[in-house]
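Let's take a friendly walk through this model together. Have the sequence and the 3D view open side by side, and follow along from one residue to the next.

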Amino acid sequence: NTPLHFRELLIEKESHETSEDLVFRARVEWLADCSVVLNFAGASVGIRGLSFKGELFLKLVGLMDCPPFFQGVRAYFSNPPEMDLDFQGAAQDILNCDVVRHKILDVIEAQISKKMVLPSCIG
């Protein structure tokens, strides 16, 4: 199991007419060797591997001179992160087939994009 890595960290200050923001930008990489299994009707289906890579932005909005030192936080990706899954269980041969796996990843990517890829963000 590989811990979450933040690479190529860059910190920039953005100035606006009435405020300043601090932006942290990093390449995020996570290679998880996990085992998540669901059992139903006597069959098991699960995930045994997950990889996730993308450029994450964390913006501290409205910097202030006193605690809490900023007015808010926003998190987002400029582009959808790259992802891959490795399935296990009764249907692993079907789920790991390129066409099926890519369709599942497309659905996951669409949901992440709706919440965390510009122009959307959390915060």
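We can begin with the cysteines: the structure holds zero disulfides, a disulfide being a pair of cysteine sulfur atoms within 2.5 Å. Cysteine 34 is partly exposed, at a relative accessible area of 23%, and cysteine 66 is partly exposed too, at 46%. Here buried means under 20% relative accessible area, exposed means over 50%, and partly exposed lies in between, with a 1.4 Å probe and protein chains only.

A word on the ground rules before we go on. This is a predicted model, in which local features need pLDDT of at least 70 and side-chain atom pairs count only at pLDDT 80 or more, while totals for chains, interfaces and linings use all residues. Residues are numbered from 1 along each chain as its sequence is written, and side-chain values use heavy atoms, with hydrogens and water left out.

Now turn to the charged side chains. Side chains of opposite charge can pair when their charged atoms come close. The structure holds eight salt bridges, each defined as a side-chain nitrogen of Lys or Arg within 4 Å of a carboxyl oxygen of Asp or Glu. One of them joins glutamate 55 to arginine 25, with 3.5 Å from N to O. Glutamate 55 sits in strand β4 and arginine 25 in strand β2 (residues 20-32), so this pair ties together parts that are 30 residues apart in sequence. Helices (H or I, at least four residues) and strands (E, at least two) are DSSP runs, numbered from the N terminus.

Arginine 48 pairs with aspartate 86, their closest N and O atoms being 3.0 Å apart. This links distant parts of the chain, since arginine 48 belongs to strand β4 and aspartate 86 to strand β6 (residues 82-89), 38 residues apart. Arginine 48 is partly exposed at 33%, as is aspartate 86 at 29%.

Stay on strand β6 and look for aspartate 84. Which residue does the side chain of aspartate 84 meet in a salt bridge? The partner is arginine 101, at 2.8 Å from N to O. The pair connects strand β6 with helix α2 (residues 98-116), across 17 residues of sequence. Aspartate 84 is partly exposed at 30% relative accessibility, whereas arginine 101 is buried at 12%. Salt bridges with shared partners join Asp84, Asp98 and Arg101 into one network.

Back in strand β4 (residues 43-63) you will find glycine 54. Is glycine 54 buried or exposed? Glycine 54 is buried, with a relative accessible area of 5%. Beyond its neighbours within four places in sequence, glycine 54 is in contact with Ala26, Arg27, Val28, Phe77 and Pro81, where contact means heavy atoms within 4.5 Å. The C-alpha atoms of glycine 54 and arginine 27 are separated by 5.7 Å, although the two residues are 27 apart along the chain.

Finally, look at the surface. Leu4, Phe6 and Trp30 form a nonpolar patch there, with about 310 Å² of accessible area together. Patches are made of residues with over 30% relative accessible area and no salt bridge, with like charges joined within 9 Å and nonpolar side chains (Val, Leu, Ile, Met, Phe, Trp, Tyr) within 5 Å. Accessible areas come from the Shrake-Rupley method with a 1.4 Å probe, and for residues only the protein chains shown count as cover. Leucine 4 lies in the segment before β1 (5-15) and is partly exposed, at 44%.
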